[in-house]
Amino acid sequence: MSFDHNSSAGYLVNHMARLFFEELRKRIEPLGIVPGQFPALLALWQKDGQTQKELVEALDVEQATMANTLNRMERDGLIIRKDHPTDGRAKIICLTDKAQSVRDDAYAYANSVNDIALADFTPEEREMFMHFMRRTIRALKAG
């Protein structure tokens, strides 16, 4: 039995993700953020003041992964944790001024990476590519 990695969707997606990650890292590190923090920042930029549980559900990541990410974000001055108004066990995750101040640049850098990656695609091909990725994600989640 043989395996051709150039015909493997999983291999190609993983390779592409690593390239996206590296291009994004180069651009956002000067802002004081790293790619691993980016999904949580995106969620908090859309709706600040979420709980860790809400972020875990929204981003479809493991609880431990989110805890580690939030610890690093707190250490880096991107978030603060506040007491939940009704649940004594929960904390509300709030963005700091530092995190708010880099939002527009971070969005611009993420868009530039997408533009570079999809530069050879027509608008129709871009939409098809996005559609196929969303379908693949749904299929894998359904398992």
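Which helix holds Gln-52? Gln-52 is found in helix α3; helices (H or I, at least four residues) and strands (E, at least two) are DSSP runs, numbered from the N terminus. This is a predicted model, in which local features need pLDDT of at least 70, side-chain atom pairs count only at pLDDT 80 or more, and totals for chains, interfaces and linings use all residues. Residues are numbered from 1 along each chain as its sequence is written, and side-chain values use heavy atoms, with hydrogens and water left out.

Gln-52 counts as buried because its relative accessibility is 16%. Buried means under 20% relative accessible area, exposed over 50%, and partly exposed in between (1.4 Å probe, protein chains only). Leaving aside neighbours within four places in sequence, Gln-52 is in contact (heavy atoms within 4.5 Å) with residues including Arg-81, Lys-91 and Ile-93.

Ile-93 is the bridge partner in β3 of Gln-50 and also of Arg-81. Two strands pair if DSSP finds at least two bridges between them. The pairings of β3 are as follows.

| Strand | Residues | Bridges to β3 | Sense |
|---|---|---|---|
| β1 | residues 50–51 | two bridges | antiparallel |
| β2 | residues 79–83 | five bridges | antiparallel |

Four of the five residues of β3 are buried, so this strand is largely enclosed by the rest of the structure.

The largest nonpolar core has 23 residues, and Ile-33 and Phe-38 have the most contacts inside it. Such a core is a set of buried Ala, Val, Leu, Ile, Met, Phe, Trp, Tyr and Cys residues joined through side-chain atoms within 4.5 Å. Helix α2 gives the largest share of this core, six residues. Not counting residues up to four places away in sequence, Phe-38 touches Leu-24, Ile-28, Ile-33, Trp-45, Ala-106 and Ala-110.
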